[in-house]
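Please examine the protein chain shown below. The paragraphs that follow proceed from its domains to one helix and then to a sheet.

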Amino acid sequence: MAVITIIGTNYVGAVYAAAFADLGNQVYGVDIDERKVQLLSEGISPIYEPGLDELVTRNLKAGRLRFTTCYDEAVPVSEFVFICVGTPSSFSGEADMRAVRSAAEMIGKTIRGHTIIINKSTMPIGSGDLVTSIINQVKSPDATFAVVSNPEFLREGSAVQDVFNPSRIVLGAEDREAAERVAELYSALNAPVLITDRRTAEMIKYASNAILATRISFINEIAQICEQYQADVKVVAQGMGLDPRIGPLFLDAGIGFGGSCFPKDVKALSYMAQEAGCHPQLLHAVLEINQDQRRRFVHKLQTMVGDLHQRPIAIWGLSFKQDTDDIRESPAIDVVRMLIQRGAIPRCYDPAAMDNAREVVPEAEYFDDPYEAVRGTDALLVLTPWNEFKQADLGRVADLMRQPVLLDGRNLYDPADVRRLGFRYAGVGR
Ligand SMILES: NC(=O)C1=CN([C@@H]2O[C@H](COP(=O)(O)OP(=O)(O)OC[C@H]3O[C@@H](n4cnc5c(N)ncnc54)[C@H](O)[C@@H]3O)[C@@H](O)[C@H]2O)C=CC1
Ligand SMILES: O=C(O)[C@H]1O[C@H](OP(=O)(O)OP(=O)(O)OC[C@H]2O[C@@H](n3ccc(=O)[nH]c3=O)[C@H](O)[C@@H]2O)[C@H](O)[C@@H](O)[C@@H]1O
């Protein structure tokens, strides 16, 4: 059993705090957001993440998990301190490291004895050195420490499942013994462990997200070509995916990738490349295609229904993907904004993300029931692949609409089935 502090308890940190406690460790979750700390201390997850409430509650009750805003209560008694704060995009595309800097400073001021500090946030290459230097400037003379990079690969919506079943544990350290001690924390998970230097570990994270984003933009470009030649991209992807060298995953064409990571990490990698004198043309293309997908989708809607001014348009799905309330860089939110710019009246429904969406797009209308959202509308846009939408009663939807037009931004439905119900239908690349 180890004593662990997790700094930053949201999509990544809250899951890790509860998971490490579940593995038998004594865990402190530290966040500067008092509301989050209060909720988590009551066993309520501040985010929608399946299974997280139960995991937190179970470990609070077992006395292995505590949440606090106070570094002093947690860091001095911890052998391991994980940094899980956000690293969003700044205006230039560079990762904004303010939260990491401030966390590193607070950690430096509060470490005692020997502490292993683990960078789990996605940080630019070289950030291990930055964290080391910040801590060195403020720590007490008798405190010693090592900094290990341990990038994270979990996905929102399946974070609990992913944390207990990781594809790999990547550890980057100049101090091999520190990396091995971190590896022990994960030993119960039986995942492959790769120990390397810090910069290589940091790069593994960016390169992994970049290739997944590239696959999505690749299939979206193929989808654009499919549309011109009446081929079906969904079947094309299926046929490609049967080749084990290609594989079937991350080949779903749609309105593009969003979320707090792919866009920001591709931008940050591209920024780093340019800073170093490289010319990251592929990464630029990945981002451009991704933006094009949203514009093309709205253009397709205009082609199908004409001028959007004062037209009620139903929106199903606002989160950037299914099973999350996260709307950061959500392509669905972009589409809603484009509709508003064109004078349309978006009537929105999402199973989890409406509160978040209301804050950023207050001009749209929101409905607690998906069928109410479609009543009297001129088109239904399906923008997030929630299961609830796959299983919806589209016959009822057609009856409620002013005209049955369905634009399937995630290729959820069989076009022939939908057309049989009387819809005019368009997917992406089919
Ligand atoms: N969200 C995801 O699915 C994944 C995220 N990552 C990376 O992990 C990091 C964290 O991601 P998220 O949890 O999504 O970020 P987030 O922005 O949702 O949460 C960060 C948390 O840190 C807290 N915080 C900020 N400054 C702090 C400080 N100085 N001291 C203590 N707490 C502080 C915030 O209040 C917030 O609760 C990012 O670098 C992200 O790129 C990596 C893999 C998956
Ligand atoms: O660094 C991160 O934060 C994480 O980013 C992604 O995870 P996440 O953003 O939670 O979700 P994904 O399932 O990867 O989906 C990202 C976006 O791509 C879209 N997508 C995904 C797959 C696909 O085939 N097509 C497609 O358009 C999704 O709808 C979503 O908008 C990675 O999958 C994780 O491994 C990584 O840890």
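Which domains does the domain assignment of the protein chain give? The assignment, which is automatic or taken from a database, gives domain 1 (3–196) and domain 2 (262–426). Residues are numbered from 1 along each chain as its sequence is written, while chains are lettered from A and ligands numbered from 1 in the order in which they are written. The model is predicted: local features need pLDDT of at least 70, side-chain atom pairs count only at pLDDT 80 or more, and totals for chains, interfaces and linings use all residues.

Taken over C-alpha atoms, the centres of domain 1 and domain 2 are separated by 34 Å. Their contact (C-beta atoms, placed from the backbone, within 7 Å) takes 17 residues from domain 1 and 14 residues from domain 2.

Helices (H or I, at least four residues) and strands (E, at least two) are DSSP runs, numbered from the N terminus. In helix 3 (residues 52–61), Leu52, Leu55, Val56 and Asn59 are buried, that is, 20 or more other C-beta atoms lie within 10 Å of their own, with C-beta atoms placed from the backbone. Just after helix 3, Gly63 takes a positive phi of about 80 degrees.

Elsewhere, 6 strands form an open sheet in the order 11-10-9-12-13-14, with parallel pairing; two strands pair if DSSP finds at least two bridges between them. Strand 11 (365–366) and strand 14 (424–426) are the edge strands, each pairing on one side only. Strand 10 (residues 345–349) is joined to strand 11 by 2 bridges, and Arg347 stands opposite Glu365 in strand 11.

Note on methods: Contact = placed C-beta atoms within 7 Å. Buried ≥ 20, exposed ≤ 12 C-beta atoms within 10 Å, placed from the backbone.
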